[in-house]
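Reader: I've got a model open and would like to talk through a few spots in it. Can we go one question at a time?

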Amino acid sequence: MTKTGRRALGALAVGAVTALAAGCGATGPSAPSSPSGSAFDAAAARATLRATGPLLSVGAGSLGYRVVLAPGRPGVEGNIDRSDRRITLFMQATEAPHRVAHDLAHEIGHAFDFERMTNADRRAYLARRGRPDAPWWPKAASDYGVGAGDFAEVFALCHAASPIFRSRLAPRPADACAVLPAAARAKMSASEGI
């Protein structure tokens, strides 16, 4: 992501954090709105995020990241900013908790990758997925066709109660947790950072 993109995302996240910290219900003409035109309801988003707790066996806080909620963006479920140690979830007016749990676990998978995996770990993972020559990092906006995105999707399958699987790199594994490195299979305080 470019510096300009990070600044724009940062401004959006700061607005969402301010609304959440102030307990604003995002009503009225100045409330952020999603692309569909419906107002971003911070209280509803927080309630949905809280509902994901029982669906997750990992937490962003266990890796030193915090979670920020923001209005939905077409085609973008979440984003991670390693320098600010922030995961942003882009939420529509009504989101199913299992979908939010999956999206959060996907981003926590990226945090795990950044903080705990080595290049050797990444090569071993790609070999287990049958794609040893695949690139790890994306060159485009979507990460679903490269190792980093596949890892995050498999991590989400292992740690979130959700039927979602979006990777285009390799098929959905029969046992997601078995494909991950041993350290990535461990439960990591799901209540931290939510």
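Reader: Let's start with Cys-158: is it buried or exposed, and what is its relative accessible area?

Author: Keep in mind that this is a predicted model. The cut-off for buried is under 20% relative accessible area. Cys-158 falls below that, so it counts as buried, with a value of 15%.

Reader: Which residue does a disulfide join to Cys-158?

Author: The rule gives a count of 1 disulfide here. Its S to S distance is 2.0 Å, and the partner of Cys-158 is Cys-177.

Reader: Where do the two cysteines of that pair sit, and how many residues apart are they?

Author: The link ties together distant parts of the chain. Cys-158 belongs to helix α5 and Cys-177 to helix α6, and the separation is 19 residues.

Reader: And the link of Cys-158 and Cys-177, is it right-handed or left-handed?

Author: Look at the angle about the S-S bond, which comes out at 105°. With that angle, the link of Cys-158 and Cys-177 is right-handed.

Reader: Moving to the largest nonpolar core, which element supplies the largest share of it?

Author: That core has 43 residues, with Leu-89, Phe-151 and Phe-155 making the most contacts inside it. Several elements each supply at least two residues, among them β3 (86-91) and α5 (147-159). The largest share, 8 residues, comes from α3.

Reader: What is phi of Arg-85 near?

Author: Most residues other than glycine have a negative phi. Arg-85 lies in the loop between β2 (78-81) and β3, and is partly exposed at 29% relative accessibility. Its phi is positive, near 50°.

Conventions. Residues are numbered from 1 along each chain as its sequence is written. This is a predicted model: local features need pLDDT of at least 70, side-chain atom pairs count only at pLDDT 80 or more; totals for chains, interfaces and linings use all residues. Side-chain values use heavy atoms; hydrogens and water are left out. A nonpolar core is a set of buried Ala, Val, Leu, Ile, Met, Phe, Trp, Tyr and Cys residues joined through side-chain atoms within 4.5 Å. Buried means under 20% relative accessible area, exposed over 50%, partly exposed in between (1.4 Å probe, protein chains only). Helices (H or I, at least four residues) and strands (E, at least two) are DSSP runs, numbered from the N terminus. A disulfide is a pair of cysteine sulfur atoms within 2.5 Å.
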